[in-house]
Amino acid sequence: MSQPVARIGPPRRLAIDVPAAVHLIGTLGKYLSVAALFPVPFALWYDEPFWPFLAAGAITCGFGYLLERLTSGAAERVGVREGFLVVSATWLLAAGFAALPYLLSSGPQLSGPIDAYFEGMSGFTTTGSSVASDLTEINRSVGIWRQFTQWLGGMGIIVLAIAVLPRLRVGGRQLMESELPGPEIAQLSERIRSTARRLWFLYVGLTLVQILLLASVGWLGLDDEMTPYQALANAFSTMPTGGFSTLPRSAEGFSATSQWILAFFMFVAGANFALMYLGIIRRRPRAFMRDEEFRLYVVLLLAASAALTAMLWGYGIAEGEEAVRAAVFQAVSIMTTTGMASADFALWPAVLLLALFALMFVGGSAGSTGGSIKVVRHLLLGKVLRREIDQTLSPEVVMPIRLNRSPVDERTVRAIAAFVLLYVGAWAVGASVIAIDSASTGAGLGTLDALAASATTLGNVGPAFGIAGPMGSFAELGDVSKLTMIGLMWAGRLEIVPVVVLLTRHYWRL
């Protein structure tokens with residue numbers, strides 16, 4: 001009986017160049033470490049320890065340098081596949097970098113590794129969920145570092161959405177091209193470096209304008225709480241749609257004028273930055289009204305604000321301008337996934353909580369710093385639903401999906417549908433784990449609270465309900481819940497698909 005002959009051939013090799021990816025991660029880590037210098041002047045000004053920031057920068061720089069040295073010579077072999085690994089790993093590294101000052105400063109609330117990493121991940125993913133139960137115990141330099149991590153992450157998200165995620169056809173530039181057809185967008189996207197530079201200019205410019213406006217409110221005596229420090233801290237929280245606050249009760253203590261300014265810039269940050277570049281920098285304001293996603297974005301915010309105003313007034317919670325302001329502020333804050341609060345909405349009636357809960361799944365525009373599903377995906381799925389209904393009556397009619405009068409590739413439509421399914425699945429799994437862990441640890445989260453905790457971290461929104469509401473924190477939750485939410489923040493910020501791709505065998509093998 002003949003024996004089977006073993007097949008001889010080249011061994012299976014990895015489909016990606018891991019050393020090249022690791023080399024680039026190390027380089028990015030070195031550049032990122034420079035950010036640790038930002039809070040040092042604040043520490044010196046307020047007579048606080050500055051060495052935790054220098055140590056965090058040195059550790060991160062040293063780690064990046066070590067990765068570079070271990071993978072020397074691999075720098076020029078980074079391709080599309082390696083890019084997904086680089087982006088995913090860099091966000092994990094950035095969260096660790098952000099956590100180091102919390103650990104080294106030995107504060108009473110963020111001294112635990114899981115808590116510190118939770119806060120770091122929440123900052124760089126611009127989620128705004130926090131495990132800090134008393135912000136008054138956090139010194140000024142650590143507080144501004146906490147705000148600054150959001151601001152850094154915000155611009156990174158825009159570049160990610162425009163430069164990397166389109167490779168998987170789930171968002172970013174291929175949607176932006178549909179929204180803004182024409183030579184302008186071709187010029188804008190000519191090179192990633194050029195695109196990033198222009199969007200950085202817009203992002204920094206808007207941040208400076210907001211800082212000046214908020215500081216002016218304080219200088220004019222319209223808001224005693226709005227000091228220059230608070231103006232800087234809240235601008236760092238608003239433009240990236242982050243939501244971290246330096247005050248225990250978020251924006252509640254600010255004047256009506258300050259709250260309206262914050263609401264306006266949350267609205268701006270939730271819009272497509274490429275569209276704003278075209279409309280503001282290139283002076284094409286008509287582009288806003290021609291863009292279908294922007295129009296739907298405005299309509300949804302107006303409808304949500306009107307509904308919340310009616311309910312707040314009807315339940316006697318607020319009246320007049322106060323009711324309108326509270327409704328607009330919370331509608332904009334939750335839908336754009338900023339997560340700031342002008343009132344403790346965790347105490348509102350259940351019907352208002354359900355409205356806010358629904359807004360957690362809307363999100364901002366594609367190409368914005370906002371998270372969640374994004375308005376353009378809802379828009380395209382609505383068009384798909386309408387097409388299916390129309391083709392039921394007229395099956396012989398060909399009806400392409402169009403966005404701003406341009407046809408959308410069917411592969412993009414299928415990818416969007418897949419993304420939404422993955423998103424809902426990740427939310428359901430996260431909510432189940434949080435609910436089970438909360439029940440076993442006695443954390444005190446109800447069913448709606450657990451659902452909201454999963455939705456708010458996956459969508460990078462920030463606050464949940466109950467003890468994790470806008471005036472509370474996630475400090476009481478168990479480590480399993482916190483680790484689950486760290487994973488949800490990470491996956492949600494990367495729009496899930498890249499994370500799922502990393503877990504497949506096909507990604508790693510030819």
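Arg387 is buried, with a relative accessible area of 12%. This value comes from a predicted model. Arg387 forms a salt bridge with Glu410, and the closest N and O atoms are 2.9 Å apart. The pair links distant parts of the chain. Arg387 belongs to helix α17 (residues 375-393), while Glu410 belongs to helix α18 (residues 410-441). Glu410 counts as partly exposed, at 32% relative accessibility.

The structure holds 11 salt bridges. One of them joins the side chains of Glu119 and Arg146, at 2.8 Å from N to O. Glu119 lies in helix α5 (residues 113-124) and Arg146 in helix α6 (residues 140-163), so this pair ties together parts that are 27 residues apart in sequence. Glu119 is buried, with a relative accessible area of 0%. Arg146 is also buried, at 3%.

A further salt bridge joins the side chains of Arg411 and Asp409, at 3.2 Å from N to O. Arg411 is partly exposed, with a relative accessible area of 48%. Asp409 is partly exposed too, at 33%. Salt bridges that share partners also join Lys374, Arg377 and Glu495 into one network. Side chains of opposite charge can pair when their charged atoms come close.

Glu495 has another feature. Its phi is positive, about 65°, although Glu495 is not a glycine. Most residues other than glycine have a negative phi. Glu495 is found in the loop between α20 (479-493) and α21 (497-502). Glu495 is buried, with a relative accessible area of 7%. Arg283 likewise has a positive phi, near 60°. Arg283 is found in the loop between α12 (273-281) and α13 (286-290). Arg283 is exposed, however, with a relative accessible area of 73%.

Nonpolar residues were examined next. In soluble globular proteins, nonpolar side chains tend to be buried together. The largest nonpolar core here has 136 residues. Met360 and Phe474 have the most contacts inside this core. Helix α4 (residues 80-104) supplies the largest share of the core, 13 residues. Another core, of 10 residues, lies apart from the largest one. Its members include Leu379, Val384, Val408 and Ile416. Leaving aside residues up to four places away in sequence, Met360 touches Ile334, Ser372, Tyr423, Ala452, Ala455, Thr456, Val461, Pro463 and Phe465.

Note on methods: Residues numbered from 1 in each chain as written. Predicted model: local features only at pLDDT ≥ 70, side-chain atom pairs only at ≥ 80, totals over all residues. Heavy atoms only, no water. Helix = DSSP H or I, 4+ residues; strand = E, 2+ residues; numbered from the N terminus. Buried < 20%, exposed > 50% of the residue type's maximum accessible area, 1.4 Å probe, protein only. Core = buried A, V, L, I, M, F, W, Y, C linked by side-chain atoms within 4.5 Å. Contact = heavy atoms within 4.5 Å. Salt bridge = Lys/Arg side-chain N within 4 Å of Asp/Glu carboxyl O.
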